[in-house]
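Dear colleague,

My notes on what was found in it follow directly after.

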Amino acid sequence: MKVTLSVIKADIGGWVGHSDSHPEVLENAEQMMSEAKKQGTLIDYYVTKCGDDAQLIMTHTHGEGSELVHKLAWDTFVDCTEVAKKLKLHGAGQDLLGDAFSCNVKGMGPGVAEMEIEEREAESIIIYMADKTSSGAWNFPLYKIFADPFNTVGLVIAGNMHTGFSFEVHDVKEHKKVTFNCPEEIYDLLVFIGAPSRFAVKSITHRDSGDIAAVSSTQKLSLMAGRYVGKDDPVCIVRAQGNFPAVGEVLEPFSHPIFVEGWMRGSHMGPLMPVSLADSTPTRFDGPPRVIAMGFQLANGRLIGPRDMFEDISFDNARAEANMMADIMRQHGPFEPHRLPLDEMEYTTMPQVMDKLKNRFEDMEE
Ligand code: F6R
Ligand code: MG
Ligand code: MG
């Protein structure tokens with residue numbers, strides 16, 4: 001059976017500040033999704049959050065980029081914004097950039113990751129959702145999962161993965177895409193995806209079967225809006241088991257946190273901390289950045305789950321390490337490498353300060 005899994009997310013208001021989502025907003029989304037399921041638009045759905053981002057996880061048979069499903073998500077966010085406004089939540093509707101919906105939500109603010117799949121005998125799925133970071137944050141873990149044998153031993157000892165995976169990479173600034181075949185092109189791949197503010201892994205495909213293995217949201221809010229409106233807070237869907245890495249191999253990259261862009265005012269480097277749903281509430285200096293992992297089995301499109309994969313105690317050390325990394329970064333205050341380089345900073349007073357001081361700058365002799 002062919003089924004499409006769509007994850008569409010937006011920050012439509014924070015409770016308190018940018019730290020969490022309000023239950024009444026999520027309850028409203030739940031009601032709209034439930035109605036859409038009753039009417040047959042959706043097979044199933046699950047409404048959740050990561051920090052201040054509302055997450056709509058939907059299964060259906062309308063394919064990727066379906067106007068029907070995207071309009072449902074857009075209308076849900078618009079309606080929930082009204083609830084957020086009544087509660088005077090912070091930044092109500094902040095990710096909804098357009099006024100009128102047309103065709104799909106791409107370019108309108110919400111983040112989208114979708115895949116149409118032929119559901120396997122057992123379809124294990126992990127959905128990653130992050131807060132206080134940007135698209136491109138999945139480059140490192142996706143590389144580890146699908147190209148690094150020190151992370152995924154299946155690449156070495158499982159015959160059904162030995163040929164490797166191909167990576168579709170998007171240049172988010174120039175709007176170009178390129179595909180790399182791994183393992184033979186990993187050095188070329190890393191030249192690009194090691195610069196995640198510009199190049200983001202969009203999707204990964206099993207080379208022998210051509211089956212989709214992973215897909216991420218690569219939308220850049222600041223590029224869409226032409227100004228700072230909040231970080232992208234991306235999502236990513238990964239299929240696991242069988243021809244794909246095992247669930248444990250899919251989760252393993254998060255056992256040691258890496259630094260990602262985001263955190264306070266979208267303008268800092270900070271560790272990406274793997275947390276349970278309950279702990280996806282970035283508070284210290286509006287962070288540090290968080291990632292949650294919700295696991296589902298699909299059963300004819302029904303979402304059997306979620307299991308909160310990072311709730312497990314085996315990620316406690318990763319959280320402790322992330323807190324230590326956060327301490328070290330915070331000691332830098334407004335200095336790099338905690339603060340992002342000027343051209344990456346989304347929240348900057350530089351143009352105003354430069355303008356104020358322009359007459360005081362003199363040419364130097366040398
Ligand atoms: C980062 C983020 C927060 C805000 C900060 C200022 O993605 O959402 O760190 O940038 O709290 O928020 P405003 O400008 O809404 O007062
Ligand atoms: Mg927010
Ligand atoms: Mg957010």
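Domain 1 (1-118) and domain 2 (121-353) both contribute residues to the lining of the second largest cavity, so this cavity lies between them. Please bear in mind that the model is a predicted one. The second largest cavity holds about 50 Å³ of space. Its lining is made up of Lys 9, Asp 95, Gly 109, Gly 111, Ser 217, Gln 219, Leu 221, Met 224, Asp 232, Asp 233 and Pro 234. Sorted by class, these are three nonpolar, four polar and four charged residues.

One of these lining residues, Asp 233, is also a donor to the magnesium ion (ligand 3). The protein donors of that ion are Asp 52 (OD), Asp 53 (OD), Asp 131 (OD) and Asp 233 (OD), at 2.0 to 2.2 Å from it. Along the chain they follow the spacing D-D-x77-D-x101-D. Distant parts of the chain are linked here: Asp 53 belongs to strand β3 and Asp 131 to strand β5 (residues 123-131), 78 residues apart. Asp 53 and Asp 131 are both buried.

Which residue do the two ions share? Asp 52 bridges the magnesium ion (ligand 2) and the magnesium ion (ligand 3), and the two ions are 4.5 Å apart.

Turning to the remaining space inside the protein, the count comes to two cavities of 30 Å³ or more. The largest cavity contains about 60 Å³ of space. It is lined by Ala 137, Phe 140, Pro 141, Pro 253, Phe 254, His 256, Pro 257, Ile 258, Leu 272 and Pro 274. By class, that lining has nine nonpolar residues, one polar residue and no charged residues, whereas the lining of the second largest cavity includes four charged residues.

With kind regards

Notes. Residues are numbered from 1 along each chain as its sequence is written. Chains are lettered from A and ligands numbered from 1 in the order in which they are written. This is a predicted model: local features need pLDDT of at least 70, side-chain atom pairs count only at pLDDT 80 or more; totals for chains, interfaces and linings use all residues. Side-chain values use heavy atoms; hydrogens and water are left out. Donors are N, O and S atoms within 2.8 Å of the metal (3.2 Å for Na, K and Ca); water is not among the atoms, so sites may look incomplete. On a 1 Å grid over the protein atoms alone, a cavity is a set of points where a 1.4 Å probe fits but cannot get out, and a pocket is an open set with protein on both sides within 12 Å along at least five of seven lines; lining residues have an atom within 4 Å of a point. Grid points are joined across faces, edges and corners, and a volume is the space filled by probe spheres set on the points. Ala, Val, Leu, Ile, Met, Phe, Trp, Tyr, Cys and Pro count as nonpolar, Asp, Glu, Lys and Arg as charged, and the others, Gly among them, as polar. Domain bounds come from an automatic or database domain assignment. Helices (H or I, at least four residues) and strands (E, at least two) are DSSP runs, numbered from the N terminus. Buried means under 20% relative accessible area, exposed over 50%, partly exposed in between (1.4 Å probe, protein chains only).
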